[in-house]
Amino acid sequence: MLLAIDIGNTRIKGAVFENDTVIESFVFSKNELEKKIENILKNFPEVTHLVVASVGNLEKEDFLKIDKRLKIDFISHEDQFPFENLYATPKTLGIDRMVLASGATLQFKNENRLVIDAGTCITYDFINDKNQYLGGAISPGLRLRYESLHNFTAKLPLLKVENPENFIGNSTSESIHSGVVNGLINEIDGFINEYKQIYPKFTIILTGGDSDFLAKRLKNTIFANSNFLLESLNHLFQYKIKND
Ligand SMILES: Nc1ncnc2c1ncn2[C@@H]1O[C@H](COP(=O)(O)OP(=O)(O)O)[C@@H](O)[C@H]1O
Ligand SMILES: CC(C)(COP(=O)(O)O)[C@@H](O)C(=O)NCCC(=O)O
Ligand SMILES: [K+]
């Protein structure tokens, strides 16, 4: 069994895999890491491997205290990936984006793919049907937008994510909800439509903590898969074993 851990900028997500099946999944914060992993290992003694993707806020050393019987695979830029990386600065490309691109490449063979990860940031990643990673975009995520409006102004309150009642917000809170939620929906639909001008056909994968909330509201019909990064870690791990 494999334990996959995704360390994002907001939350840590984990899942236990038996081949391609998720047996159980978890969400926790940075200060709970050690205790949670210990607990998972106690409940799933069959777990032999740990595979980790971190956006940089936790390092490999942070995992060395964990149970010695576990083989730890900390994904890094030095690993072999199933795509050709055409990013101009491959060393600064987020590990999470490399794992998502790997999952898209391995799961959707010979297709153009656009991965949208709605987490702390919204990341867009495009991998063409020749398995070349082209890049994409980074913009502020849903919660980051609410927090930025509050943190960088004198008068704007910090609001929780809410569905805007109207497109034309007729109060301060309605204006914020419309600006943030409708703004982000239009951004994502806009990006997808721009890609459609260049590539007539591509598969869209929408993932991340806000993917379910956003999927329902997009004009483009997309199914959200909030587990896609963890599934991609599992696929990348299997790919690495095969190519070792
Ligand atoms: N309990 C929660 N705590 C924090 N964010 C949450 C929670 N539930 C949903 N979210 C949403 O998930 C987003 C973060 O998604 P996530 O994929 O976990 O980010 P990251 O991978 O960057 O850590 C936030 O924008 C927030 O709106
Ligand atoms: C863009 C990100 C901050 C997204 O992080 P997340 O929202 O998944 O927590 C992360 O992928 C990152 O630090 N990237 C480095 C810059 C780059 O990808 O070019
Ligand atoms: K992201």
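## A tour of the two ligand sites

Start by selecting ligand 2: 13 residues surround it, the closest being Asn9, Tyr87, Gly94, Asp96 and Arg97 (a residue is near a molecule if one of its heavy atoms lies within 4 Å of it). Before going on, note that this is a predicted model, where local features need pLDDT of at least 70 and side-chain atom pairs count only at pLDDT 80 or more, while totals for chains, interfaces and linings use all residues. Residues are numbered from 1 along each chain as its sequence is written, chains are lettered from A and ligands numbered from 1 in the order in which they are written, and side-chain values use heavy atoms, with hydrogens and water left out.

**Stop one: ligand 2**

Show the polar contacts next (pairs of N or O atoms within 3.5 Å). A polar side-chain atom of Asp96 is 2.7 Å from an oxygen atom of the ligand. Polar backbone atoms take part too: one of Gly94 lies 2.9 Å from an oxygen atom of ligand 2, and one of Cys121 lies 2.9 Å from an oxygen atom of ligand 2. Of the 470 Å² of accessible area that ligand 2 has on its own, the protein covers 81% (Shrake-Rupley method, 1.4 Å probe).

Now colour by secondary structure. Helix 2 (95-107) and strand 8 (121-127) are the elements that give two or more residues to this shell (DSSP runs: H or I of at least four residues for helices, E of at least two for strands). By class, the shell around ligand 2 holds five nonpolar, six polar and two charged residues; Gly counts as polar, and Asp, Glu, Lys and Arg as charged. At least three shell residues come from each of domain 1 (2-74) and domain 2 (84-233), with bounds from an automatic or database domain assignment.

**Stop two: ligand 1**

Which residues surround ligand 1? Select Gly8, Asn9, Thr10, Arg11, Lys13, Gly119, Thr120, Arg143, Gly208, Gly209 and Asp210. This shell has no nonpolar residues, seven polar and four charged.

Zoom in on the side chains. An N or O atom in the side chain of Thr120 is 2.5 Å from an oxygen atom of ligand 1. Arg11 places a polar side-chain atom 2.8 Å from an oxygen atom of ligand 1, and Lys13 has a polar side-chain atom 2.8 Å from an oxygen atom of this ligand. The protein covers 73% of the 570 Å² of accessible area that ligand 1 has on its own.

Finally, colour by domain: ligand 1 lies between domain 1 (2-74) and domain 2 (84-233), because both give residues to its shell.

Key
Polar contact = N/O pair within 3.5 Å; in protein donor to acceptor, adjacent residues only side chain to side chain.
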